[in-house]
Amino acid sequence: MEAMRAVQILNPSGEVTMPRPERTRVMCVANQKGGVGKTTTTVNLAVALALHGNRVLVVDLDPQGNASTGLNVPHHTGVPDVYDCLIDSVPLEEVAQEVEGIPNLWCVPATIDLAGAEIELVSVVARESRLARAIAAYPGHFDYVFIDCPPSLGLLTVNALVAAQEVLIPIQCEYYALEGLNQLINNINLVRKHLNPMLEVSTILLTMYDRRTRLADAVEQDVRNHFGDKVLQAVIPRNVRVSEAPSYGQSVMTYDPGSRGATSYFAAAQEIAERGVKEPVSRNG
C-alpha cells in the first residue's frame, strides 16, 4: 500500500494530473502565530501540484528563508532574492530559480536581507502593492503562486495580502492557535476594505493533528463550525517525516512519499485543485 501511495504521489509517468485553474490562483499562506506549519504547507502543496501537471511559483517572503531551504534553493547572502524585487524593483523572473528535480516548480528565495525590508518599505511609494506589481509583471503563466508569509502582521504580510486573491490559513490543532485568529481575520478584512477588494479567506487547513487527544478533536469541531466549507476535509497529522524532510532540502513528497504526512498533503492539494475548478475565484482581468 505504501509503495502504491508513493507512486501515486511521485507520479513518475506524468500521466496523473490535478485539474488546472482557468486563471492564476495567487494564494497567500498566512498566520501571525509561528510554528503552525505555514512553510511546510506552502512547500508540500506546491510540490504536490507541480508533480501533477500544474505550473507553480513559490514566493518566500519570510526572512528566515525556510521555504527556500525546503525546496533546496540557494538563499545565502548575495543571491538575488525577493528583497531586490520589493526594494529595487528587480523583475521577478530575474530572481526566480527552478527547483531541482521538480518540473514546473520555481521559487523566489528570501535571504536575511529581507529582515530590513519592513523598515525600508515604510518610505517607498505604493509600499503595500510592491509584490502585487512584481507578480503581475511576470511574463510567464503560472497556475498557482504560493506566498509564504512571515509570522507577523507587518508590511511584508500586507504585501502578500494585497498581491493575493485567496488566503490559506494553516491552523494548529491546539487551543492557542484559535486565540490569534480573530486578529488575523480583522487584518484581512482591513486589507480587503482599503487595498484589495478581491481578497478572501478561501481555505483553512488543520495541521499537527494528533488523533489521540480530545483537544485536537475539539479544536477541529470549533474550526469546522466557524468556517464551514472553507475547512479542507484533509487534515495534516503530526508526522516525524514531515519534520525531517527540510533537513535534507526536500519536501515530504519526495523524502518519504509513502508516509502519512505526504499522503495527507497530497489529499489537501487535490482538494484545493478540485475546489479551484468548481468555484472559479472572481477577479479583475
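Is Phe 146 buried or exposed, and what is its relative accessible area? Phe 146 is buried, with a relative accessible area of 0%, where buried means under 20% relative accessible area, exposed over 50% and partly exposed in between, for a 1.4 Å probe and protein chains only. The model is predicted, so local features need pLDDT of at least 70 and side-chain atom pairs count only at pLDDT 80 or more, whereas totals for chains, interfaces and linings use all residues. Residues are numbered from 1 along each chain as its sequence is written, and side-chain values use heavy atoms, with hydrogens and water left out.

Tyr 144 is likewise buried, at a relative accessible area of 0%. The ring centres of Tyr 144 and Phe 146 lie 5.9 Å apart with their planes at 5°, so this pair is stacked; rings of Phe, Tyr and Trp (its six-membered ring) pair if their centres lie within 6.5 Å, and planes under 30 degrees apart count as stacked, over 60 as edge-to-face and the rest as tilted.

The structure holds 4 aromatic pairs, including the edge-to-face pair of Trp 106 and Phe 142, with 5.6 Å from centre to centre and 70° between the planes. Both Trp 106 and Phe 142 are buried, and together with Tyr 138 they form one aromatic cluster. Over the ring of Phe 142 sits the charged end of Arg 55, 5.6 Å from the ring centre, the criterion being NZ of Lys or CZ of Arg within 6 Å of the centre and within 35 degrees of the ring normal.

Leu 57 is in contact (heavy atoms within 4.5 Å) with residues that include Trp 106, Phe 142, Tyr 144 and Phe 146, leaving aside its neighbours within four places in sequence.
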